[in-house]
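Please look over the structure below. The topic is its side-chain pairs.

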Amino acid sequence: ETGITVTIADLLHVLRKHIVTAATASVVIFVAVAAFTFLSPPKYTATAELFATYSGQSDGSQNSNEMNSGASYLSTQIKTYPQLINTQAILQPVIDYLSLNMTVKDLADMVTATNPTNTFMVDIAVEAGDAQQSAQIANSVSKNLAKQISSTLYSDDAAKSPIQLSVVQEAQTPTEPSSPKVPLYLAAGLILALIVAVGAALLRDVLNTKAVSNTHLRAHETV
């Protein structure tokens, strides 16, 4: 059983043979990627950070067992906060406060919350077409989450809530867009253009070979 091996020299030969096809294909792909990159509206991302603590007893006194139990409880609870972010209880007050012309689902698509591994931190990132608005929304969402966790969610009385969530870093208005990432997109476009160029040249070579073979076969049958 004989295998077909294609060397770099073979590829270069095919590219030189069908340079027009390869060049046309690569230019079309790169121009398409570049057009998408430069015509895509810029997006800005602003991030706020919160820190969670376990308050335990209302008078502030805790023994070692309560502290360990509290840390374990907090570790479990904080993992649910990124999902809580996208609920109506958190986002609707933000929409009302900032007079946003959007639904809860629309706003949820703009907000991403994460709990970094082995931390009691919650990071809230907001991506929007307006830099200032992204920061405003991130700060409003973080403050409303802190309010819900520290008072409403666990108890109607903030003094009795076992968990306190505090904003430790407010979102700042971003000065540069987070997307599209122009250098990355153009680099990817260049690589894709080269791949398509090689593929187009190989396809053209295969089709030409088959066409020539069919022509010779018909000529032989005629004879």
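This report covers salt bridges, then aromatic pairs.

## Salt bridges

The model is predicted. A search of the whole structure turns up two salt bridges.

Lys-105 pairs with Asp-109, with 3.6 Å between the closest N and O atoms. Both residues sit in helix H6 (residues 104-110). They are four residues apart, about one turn of the helix. Lys-105 is exposed, at 59% relative accessible area. Asp-109 is exposed too, at 57%.

The other bridge joins Glu-170 and Lys-143, at 3.7 Å from N to O. Glu-170 lies in the loop between strand E4 (163-169) and helix H8 (182-222), and Lys-143 in helix H7 (residues 131-152), so this pair ties together parts 27 residues apart in sequence. Glu-170 is partly exposed, with a relative accessible area of 40%. Lys-143 is partly exposed as well, at 47%.

## Aromatic pairs

The whole-structure search finds two aromatic pairs. Phe-36 and Tyr-185 are stacked: their centres are 6.4 Å apart, with 25° between the planes. The pair links distant parts of the chain, 149 residues apart. Phe-36 is in helix H2 (residues 19-39), Tyr-185 in helix H8. Phe-36 is exposed at 54% relative accessible area, whereas Tyr-185 is partly exposed at 29%.

Tyr-54 belongs to strand E1 (residues 44-54) and Tyr-73 to helix H3 (residues 64-78), 19 residues apart. Tyr-54 is partly exposed, at 28% relative accessibility. Tyr-73 is also partly exposed, with a relative accessible area of 32%.

Key. Residues are numbered from 1 along each chain as its sequence is written. This is a predicted model: local features need pLDDT of at least 70, side-chain atom pairs count only at pLDDT 80 or more; totals for chains, interfaces and linings use all residues. Side-chain values use heavy atoms; hydrogens and water are left out. A salt bridge is a side-chain nitrogen of Lys or Arg within 4 Å of a carboxyl oxygen of Asp or Glu. Helices (H or I, at least four residues) and strands (E, at least two) are DSSP runs, numbered from the N terminus. Buried means under 20% relative accessible area, exposed over 50%, partly exposed in between (1.4 Å probe, protein chains only). Rings of Phe, Tyr and Trp (its six-membered ring) pair if their centres lie within 6.5 Å; planes under 30 degrees apart count as stacked, over 60 as edge-to-face and the rest as tilted.
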